[in-house]
Amino acid sequence: MKINAFCMSCLVQAQARRIQKFQDEEKKACYMREVLHMIAESDPKWSAPALLEPISKLYEKYWGMQNDLEEEKKTFNELLLSMEDDLEQKIRSRKDPLEAALCLARLGNYIDFSALGEVSAEKLLELLAQAEQETLDTAEYRHFCKDLKDGKHLVYLTDNCGEIVLDKILIKLLREQYPQLMIEVLVRGVAVTNDATVEDARYVGLTEVAPVFGNGSGIAGTELTHISKEAKEKLEQADLILSKGQGNFETLHTCGLNIYYLFLCKCDWFMQRFHAEHLKGMFVNETRI
């Protein structure tokens with residue numbers, strides 16, 4: 001998905017928030033001028049997540065290597081791990097546990113420090129408490145179940161930390177209900193924002209449920225021209241792909257693969273594109289959007 005005015009504005013605001021903690025106002029102004037120049041001179045075909053990678057390198061040049069969100073990643077991983085057994089039990093008690101698990105995993109997409117200015121445990125708990133009222137588009141869910149039944153290979157694209165605990169529950173159910181389906185998980189190859197890496201997947205036990213691979217890239221999405229050859233081959237050979245989060249949609253949309261996108265609308269562009277309210281959940285297929 002090509003970067004647009006909404007995305008440009010979001011990138012600028014995110015960087016302005018990121019440097020608020022520093023005191024050197026002159027240096028901050030220089031940094032923001034370079035950010036603006038980088039956006040203005042970028043390839044019009046780039047997506048916002050792809051552009052975020054060189055901006056992150058610029059940030060390191062000015063402010064050094066800083067793991068801004070390591071504490072937040074740990075906090076939300078531990079919070080969801082503390083709730084995992086109870087959430088899984090509730091899902092399994094539902095009339096359709098698979099649909100319930102998909103809805104819950106989608107709600108976990110709220111934990112996005114890149115798209116949202118503020119993320120709180122309180123808001124997450126509020127969203128999770130409403131999980132029983134969540135549903136999926138009936139026709140799309142029917143297509144998904146048929147693809148699961150007919151397919152042999154599913155690739156699951158994760159997004160954020162904390163959220164991956166809910167992905168873990170969903171993948172458990174997928175494996176139980178469709179034992180013929182080989183499920184592989186792709187995470188970010190390099191730490192970026194609060195996105196999940198192999199290390200994070202191992203920490204929450206996701207690696208015990210399915211094979212997990214880094215995609216070889218530090219882009220906050222899945223840019224096919226930037227991921228490893230192995231990761232690209234897995235995606236191209238898969239019968240279906242379940243893709244979490246806005247960043248994966250931004251980098252993969254129009255690729256033509258059989259992708260089911262599962263995410264919350266967290267910014268103005270997504271709200272406008274899908275005619276949805278803020279934090280409305282979406283479940284759409286690449287070929288039927």
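A residue counts as buried when its relative accessible area is under 20% and as exposed when that area is over 50%, with partly exposed covering what lies in between. The model on screen is a predicted one.

Select Cys-255 to begin: its relative accessible area is 29%, so Cys-255 is partly exposed. Turn next to the cysteine sulfurs, among which a search of the whole structure finds 0 disulfides. Cys-255 takes part in none, the nearest cysteine sulfur being that of Cys-7, 17 Å away. For Cys-145, the closest cysteine sulfur belongs to Cys-103 and lies 12 Å off, which is too far for a bond.

Now select residues 5-18, which form helix H1, a run of 14 residues that reaches 20 Å from its first C-alpha to its last, close to the 20 Å expected at 1.5 Å a residue. Colour Cys-7, Leu-11 and Gln-15, the buried residues of H1, and look down the helix axis: these buried residues fall within an arc of 70°, so they line one face of the helix. They pack against helix H2 (25-40), helix H3 (48-63) and helix H11 (246-252). At the start of H1, a side-chain oxygen of Asn-4 comes to within 3.0 Å of the backbone nitrogen of Phe-6.

Finish with the nonpolar cores. The largest has 57 residues, and Leu-148 is one of those with the most contacts inside it. Beyond its neighbours within four places in sequence, Leu-148 is in contact with residues including Leu-98, Leu-174, Tyr-178 and Leu-240. A second, separate core has 42 residues, among them Tyr-31, Leu-51, Phe-270 and Phe-274.

How values were computed. Residues numbered from 1 in each chain as written. Predicted model: local features only at pLDDT ≥ 70, side-chain atom pairs only at ≥ 80, totals over all residues. Heavy atoms only, no water. Disulfide = S-S within 2.5 Å. Buried < 20%, exposed > 50% of the residue type's maximum accessible area, 1.4 Å probe, protein only. Helix = DSSP H or I, 4+ residues; strand = E, 2+ residues; numbered from the N terminus. Expected span 1.5 Å × (residues − 1). Arc of directions from axis to C-beta. Contact = heavy atoms within 4.5 Å. Polar contact = N/O pair within 3.5 Å; in protein donor to acceptor, adjacent residues only side chain to side chain. Core = buried A, V, L, I, M, F, W, Y, C linked by side-chain atoms within 4.5 Å.
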